[in-house]
Amino acid sequence: MHRLLVLYPEPTDPDHFRDYYVTKHLPLVMDWPGVLAWRYSFDVAATQGESPYSAVFEADFADADAMAVARSSPQGQRVSADVVNYATGGVVVIDYPVQDGIG
């Protein structure tokens with residue numbers, strides 16, 4: 001599995017961020033081809049001190065190729081282009097292969 005992780009620093013208008021994210025941005029995510037699962041939270045906390053992020057998003061894909069196809073698709077391009085409409089605090093996007101734990 002391959003995961004896309006999006007970290008959002010505090011936006012200038014948190015209420016606009018939350019409303020836009022839920023009502024406009026997440027519906028775009030639902031159209032992504034190849035996404036196996038996705039999740040998000042506005043309740044980001046650090047184990048110590050202040051969290052540098054106010055929201056987080058994760059999407060799982062079968063592998064890196066499936067994620068690349070999704071991100072380069074017309075739907076993925078719309079998702080990426082939409083970020084400027086709500087993420088006034090910036091955005092950090094990373095991706096990585098997910099390793100299963102043994103225990």
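A residue counts as buried when its relative accessible area is under 20%. In this predicted model, H25 has a relative accessibility of 3% and therefore counts as buried. H25 lies in helix 1. Leaving out residues up to four places away in sequence, H25 touches Y8, Y20, V79, D82, V83 and Y86.

D19 is also placed in helix 1, which spans residues 14-29. The setting of D19 is partly exposed, because its relative accessibility is 48%. In sequence, 67 residues separate D19 from Y86. In space, the C-alpha atoms of D19 and Y86 are 9.1 Å apart.

The strands pair through strand 3. Strand 1 and strand 3 run antiparallel and are joined by seven bridges. Within strand 3, A59 is the bridge partner of L4. Strand 2, residues 35-41, also runs antiparallel to strand 3, with six bridges between them. Here R39 stands opposite E58 of strand 3. Strand 3 is mostly covered, with six of its seven residues buried.

In soluble globular proteins, nonpolar side chains tend to be buried together. The largest nonpolar core of the model holds 21 residues. Y8, Y21, W32, F57, F61 and Y86 touch the most other members. At least two residues of this core come from each of strand 1 (2-8), helix 1, strand 3 (55-61) and helix 2. Helix 1 gives the largest share, five residues.

W32 is one of the core residues that touch the most other members. Its neighbours within four places in sequence aside, W32 contacts L4, F57, A59, F61, A70, Q75, G76 and V79. Among these contacts of W32 are L4 and A59, the bridge partners noted above. A70 and G76 are also in contact with W32, and both take part in the meeting of helix 2 with helix 3.

Two packed helices are described by the angle between their axes and the distance between the axes. Helix 2 covers residues 64-72 and helix 3 covers residues 74-82. Their packing angle is about 70°, and their axes are 4 Å apart. Angles of 65 to 115 degrees count as roughly perpendicular, so helix 2 and helix 3 are roughly perpendicular to each other. On the helix 2 side, the contact is made by A70, R71 and S72. These residues meet P74, G76 and Q77 in helix 3. By class, the contact comprises two nonpolar, three polar and one charged residues.

How values were computed: Residues numbered from 1 in each chain as written. Predicted model: local features only at pLDDT ≥ 70, side-chain atom pairs only at ≥ 80, totals over all residues. Heavy atoms only, no water. Axes fitted to C-alpha atoms, helices over the stretch in contact; angles between N-to-C directions. Parallel < 35°, antiparallel > 145°, perpendicular 65-115°, else oblique. Contact = heavy atoms within 4.5 Å. Nonpolar A, V, L, I, M, F, W, Y, C, P; charged D, E, K, R; others polar. Buried < 20%, exposed > 50% of the residue type's maximum accessible area, 1.4 Å probe, protein only. Core = buried A, V, L, I, M, F, W, Y, C linked by side-chain atoms within 4.5 Å. Pairing = 2+ DSSP bridges.
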